[in-house]
Amino acid sequence: MKKEQFYVTTPIYYVNDVPHIGHAYTTIAADTIARYKAAAGHEVYFLTGTDEHGRKIEQTAQTGGETPIELADRVVVKFQDLWKLLGISNTDFIRTTEPRHHEAVSEIWKLVEKNGDIYLDEYEGWYDVRNEAFITETQLEEIMKLPEESRPRLEKIKEQSYFFRLSRYQEPLLRHYSEHPEFIKPDYRRNEVVSFVEGGLRDLSVSRTNFSWGIPVPDSEGHVVYVWFDALTNYLTSLGFPGKTGDFGKFWPADIHLVGKDILRFHAVYWPAFLMSAGLSLPKTVFAHGWWTVEGEKMSKSLGNVVDPCQVVEEFGSEVFRYFLLREIPFGQDGDYSKRSLVSRVNGELVNGLGNLVSRSLGMIERYLGGIVPEPGEPSESEKKIESSYGETRLQVSSDLEELAFNRALSRIWEFIGLVNRYVDSEAPWKLAKQEGEEKRLGTVLWTLAESIRVISILAYPFLPETAQAIREKIGLSPDISAENADWGHTEPGTSVVKGENLFARIKEEKD
Ligand code: MSP
């Protein structure tokens with residue numbers, strides 16, 4: 001059977017700073033959806049990478065006494081190492097300083113230019129270096145209302161610049177949003193973008209002359225391509241664009257661009273306009289997620305509360321971090337990262353919920369049956385309830401994942417785990433094991449537990465790949481979930497299981 005393709009991307013991260021929780025969040029979410037799709041039989045292309053050009057990188061390098069490429073080469077490794085640590089299954093990792101990217105940016109520039117959408121003029125105004133964004137008069141008024149310490153650093157610029165005729169795309173964009181409501185998600189974010197575009201679009205400055213750390217504008221000395229024009233093109237570069245066959249033909253347009261809410265405008269207004277102008281098709285969905293605060297405060301370097309993902313992984317493990325980030329808040333909304341809440345989820349849901357179910361069930365198979373999965377007898381009402389509840393959970397989890405409702409999917413999986421844990425309590429296999437004539441019933445209960453654990457490993461896999469594989473090893477299955485039959489009933493009697501180590505370690509709760 002021909003596999004359906006699925007292409008998911010994360011933003012490419014600036015190398016002016018080391019990775020933090022925000023970067024880890026999007027990448028873990030993308031990994032989860034990529035694993036889910038691959039396990040469901042899709043051919044998946046999952047892209048992440050780094051954004052290495054622009055004024056901000058140039059300035060950071062200067063301040064640190066490095067060249068921009070030295071800075072990029074040093075910091076990119078931190079991202080790559082973190083993704084390994086977090087079990088990220090990306091297909092490619094793109095750096096915008098690679099020659100293949102240079103080629104793709106020049107090509108899309110030329111296509112846009114050929115379409116009459118580039119012209120030379122003078123730009124006079126303000127530039128926000130941190131966000132690499134041109135500031136309009138209205139934005140400037142808003143910024144000036146902020147307390148001085150929270151205003152972004154602005155540079156006044158007056159230079160020759162190439163402009164992109166964004167104003168031409170107001171109507172086509174509005175039409176696209178209304179014909180493809182799935183283009184921007186969640187809905188409330190789409191409404192924001194629609195009102196922004198309805199408010200009118202001004203042509204966009206897409207080249208700079210007062211610095212040189214970027215891709216040169218084709219055939220135009222002294223101009224470098226605006227860093228967002230450069231960065232957005234990465235989604236094409238990785239697929240081998242400008243070559244139109246191979247991966248490009250196979251995976252473009254992207255199924256989902258995952259982005260934070262602060263960079264939605266670049267992805268949902270500028271990017272589709274560039275693509276329309278270049279005659280390329282548009283991504284199917286741009287999904288904007290919310291922002292994390294930390295212990296109730298905005299995360300910032302000056303407050304010194306930036307969460308370092310490597311540290312969290314070192315302290316609690318990568319699976320715990322993945323679970324917490326996707327379980328704690330609905331994807332799309334803002335939320336708070338707090339140690340107390342992480343500890344309570346780990347102890348309550350991972351240790352007492354999943355960990356306990358696996359260890360008590362396999363412990364009993366070891367103790368009462370020498371570690372061999374028994375033959376089940378006729379299912380009673382309680383086994384039928386577990387089977388039917390699994391059927392429902394499986395369908396709901398799939399539809400939740402299609403909507404990127406990670407937290408809802410996890411809460412449903414954990415409801416199922418709770419149901420099975422209650423089944424253990426009410427069937428009390430430890431009593432059956434002592435009663436004569438109950439061997440058959442004991443067999444049915446313990447087989448049901450082994451089977452429940454098997455299907456839980458399938459449900460949990462996209463979120464907790466290592467845990468799923470550890471569970472599978474305990475129950476004698478191969479780590480490869482994609483070949484596994486997810487229908488109820490596939491645990492083979494006679495399989496050997498081992499209880500082994502606990503899946504999760506309880507975290508000591510700090511007293512106030
Ligand atoms: N380089 C651009 C993206 C170019 S994509 C073509 C960029 N890079 S970034 O490194 O600054 O940030 C990337 C992502 O981190 C954004 O999606 C942003 O929303 C996210 N986050 C930054 N702080 C965050 C939180 N506190 N919480 C959640 N996500 C956050 O922008």
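This note reviews the domains, core, ligand site, salt bridges and backbone geometry of a predicted model.

1. Basis. The model is predicted, with local features requiring pLDDT of at least 70 and side-chain atom pairs counted only at pLDDT 80 or more, whereas totals for chains, interfaces and linings use all residues. Residues are numbered from 1 along each chain as its sequence is written, and side-chain values use heavy atoms, with hydrogens and water left out.

2. Domains. The protein is divided into domain 1 (5-289) and domain 2 (338-485), the bounds coming from an automatic or database domain assignment. Their centres, taken over C-alpha atoms, are separated by 42 Å. In the interface, 11 residues of domain 1 are in contact with 12 residues of domain 2, where contact means heavy atoms within 4.5 Å.

3. Nonpolar core. The largest nonpolar core has 169 residues, of which Tyr177, Val206, Tyr226, Trp252, Phe321 and Tyr337 touch the most other members. Both domain 1 (5-289) and domain 2 (338-485) give residues to this core, so it lies between them. Such a core is a set of buried Ala, Val, Leu, Ile, Met, Phe, Trp, Tyr and Cys residues joined through side-chain atoms within 4.5 Å; buried means under 20% relative accessible area, exposed over 50%, and partly exposed in between (1.4 Å probe, protein chains only). Not counting residues up to four places away in sequence, tyrosine 337 touches residues including Ile21, Trp292, Glu295, Phe321 and Leu342.

4. Ligand site. There are 22 residues around the ligand, and Ile12, Asp51, Gly260, Asp262 and Trp292 come nearest; a residue is near when one of its heavy atoms lies within 4 Å. Oxygen atoms of the ligand lie 3.1 Å from a backbone N or O atom of tyrosine 14 and 2.9 Å from a backbone N or O atom of glycine 260. For histidine 23, an N or O atom in the side chain is 3.2 Å from an oxygen atom of the ligand.

5. Salt bridges. The whole structure holds 36 salt bridges, each a side-chain nitrogen of Lys or Arg within 4 Å of a carboxyl oxygen of Asp or Glu. One of them joins arginine 208 to glutamate 159, with the closest N and O atoms 2.8 Å apart. Arginine 208 lies in strand 9 (residues 207-208) and glutamate 159 in strand 6 (residues 154-164), so the pair ties together parts that are 49 residues apart in sequence. Strands (E, at least two residues) and helices (H or I, at least four) are DSSP runs, numbered from the N terminus. Arginine 208 is buried at 1% relative accessibility, and glutamate 159 is buried at 7%. Arg327, Glu328, Arg345 and Glu349 form a network of salt bridges.

6. Backbone geometry. Most residues other than glycine have a negative phi, and most peptide bonds are trans. Here, a cis peptide bond joins lysine 185 and proline 186, with omega about -10°; another joins phenylalanine 241 and proline 242, with omega about 15°. Glutamate 132 has a positive phi of about 50° and is buried, at 1% relative accessible area. Glutamate 295, with phi near 45°, is partly exposed at 47% and sits in the loop between strand 13 (292-294) and strand 14 (297-298).

Note on methods:
A polar contact is a pair of N or O atoms within 3.5 Å; within protein, one must be able to donate a hydrogen and the other to accept it, and residues adjacent in sequence count only if both atoms are side-chain atoms.
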